[in-house]
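This briefing is intended for a reader meeting the structure for the first time. It takes up selected local features, grouped by topic.

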Amino acid sequence: MAIISSKQQPIEPDPKPKQRRESKDDRKTPKASPKLDLLQPTATSDETDKLEEGLRPQRFADYIGQKDLKTVLEIAIKAAKGRGETMDHLLLYGPPGLGKTTMALILAAEMGTTCKITAAPSLERPRDIVGLLVSLKPGEILFIDEIHRLTRMAEELLYPAMEDFRVEIAIGKGQSARTRSLPLSPFTLVGATTRVGSLTSPLRDRFGLIHRLHFYEPEELTEIVLRSADLLKTPIDREGAEEIAGRSRGTPRIANRLLKRVRDYTQVKNLGKIDRKIADEALEVFNVDPRGLDWTDRKVLSVMIDNFKGGPVGIETIASATGEDVQTIEEVYEPYLMQIGFMLRTPRGRMVTPAAWQHMGYK
Ligand SMILES: Nc1ncnc2c1ncn2[C@@H]1O[C@H](COP(=O)(O)OP(=O)(O)O)[C@@H](O)[C@H]1O
Ligand SMILES: [Mg+2]
């Protein structure tokens, strides 16, 4: 059964660590280092444990940043409560670690209800999803992670559930088979995906609210680090938090992870309060790039600089030179490089900016 109860637990093993092929012209790039996995935005298994759950904001007021999303949802919640109805189905999309699961749990708290959490890959058999749907209590929130991975069958069971709160089930076999329509309690589906482009349009069309999560600004990440440090009872000053924030790829999950590593370092070395110097020192030890670039980011930039004088370069070329697929470059790497002003999109291809040249050690 695919129900993962209202308290979040590890849902699935981590996606396989990406195989990184190294091409022959590897001159200026650092070798892939396991330490750089600190910068992977997907959750590691120990990040789905109790301690991590303690860092997750529980209410709107603690959810830092994503102002547009919060505004839209606050209105939706008020309106739904005012009418005594469930909120519209909500689709959240954006890179991993930006707060999609967190927002689903907050919605439940704000609506005064519970949230059942599952992920598309555990809804493979029709009876998984039917069982889950009929078990929903009135007003409950159903969170489906990685919703772009639903099977065709699961999707088709979801359509009438989302539209009319009913589910069609087949009874009997062969000649005597009939379908019966079972009523469901009204519920709100919250879907999350990193790949909104892979969603079928009939599914996408059934969400009343569709919202994208953005990378966080450095000031927002600084607030997140300060908040987490407080919860972890770790002394830190604002500049120390800023240093960690600046290396967190715009991603709260990475900010929290780096904070924990800096905390370990500070504790072992008995350094007391984390300040900028200590944070900088610690993150250098852990091999975290000052702008949070990981091996692939650096590879992308160095390929563009070394082989194409900074561009313009086509996305396919970048993908094949780095051994990543086009979609990963477009969805994971490029958005962050553009966010920090290291890469530009032009009609003729991608270009590296002077800031990136400088960061990579070229004049
Ligand atoms: N807006 C936020 N404010 C504070 N912390 C956040 C925020 N968004 C995410 N986090 C932290 O980052 C972690 C990862 O968020 P999560 O919701 O699991 O990301 P996603 O589901 O998008 O991959 C959470 O455990 C939480 O501690
Ligand atoms: Mg999640």
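In this predicted model, a polar atom of the H89 side chain lies 2.8 Å from the backbone nitrogen of L189. A polar atom of the H89 side chain also lies 2.9 Å from the backbone oxygen of M162.

**Setting of H89**

- H89 is located in the loop that runs between α2 (67–83) and β1 (90–93).
- The relative accessibility of H89 is 6%, so the residue counts as buried, the cut-off being under 20%.
- Leaving aside residues up to four places away in sequence, H89 touches M162, F165, F187, T188, L189, R206, F207, G208 and L209.

**Helices α7 and α9**

- Helix α7 (residues 218–231) and helix α9 (residues 252–268) have axes that come within 10 Å and cross at roughly 45°.
- This angle makes α7 oblique to α9.
- The crossing of the helices α7 and α9 is right-handed.
- On the α7 side, the contact is made by L221, I224, V225, S228 and A229; on the α9 side, P252, A255, N256 and L259 take part.
- Among the residues of this contact between α7 and α9, seven are nonpolar, two are polar and none is charged.

**Position of Y333**

- Y333 belongs to helix α13, which spans residues 326–339.
- With a relative accessible area of 1%, Y333 is buried.
- Y333 and R298 are 35 residues apart along the chain, and their C-alpha atoms are separated by 10.0 Å.

Key. Residues numbered from 1 in each chain as written. Chains lettered and ligands numbered in written order. Predicted model: local features only at pLDDT ≥ 70, side-chain atom pairs only at ≥ 80, totals over all residues. Heavy atoms only, no water. Axes fitted to C-alpha atoms, helices over the stretch in contact; angles between N-to-C directions. Helix = DSSP H or I, 4+ residues; strand = E, 2+ residues; numbered from the N terminus. Parallel < 35°, antiparallel > 145°, perpendicular 65-115°, else oblique. Left-handed = near helix turned anticlockwise from the far one by under 90°. Contact = heavy atoms within 4.5 Å. Nonpolar A, V, L, I, M, F, W, Y, C, P; charged D, E, K, R; others polar. Buried < 20%, exposed > 50% of the residue type's maximum accessible area, 1.4 Å probe, protein only. Polar contact = N/O pair within 3.5 Å; in protein donor to acceptor, adjacent residues only side chain to side chain.
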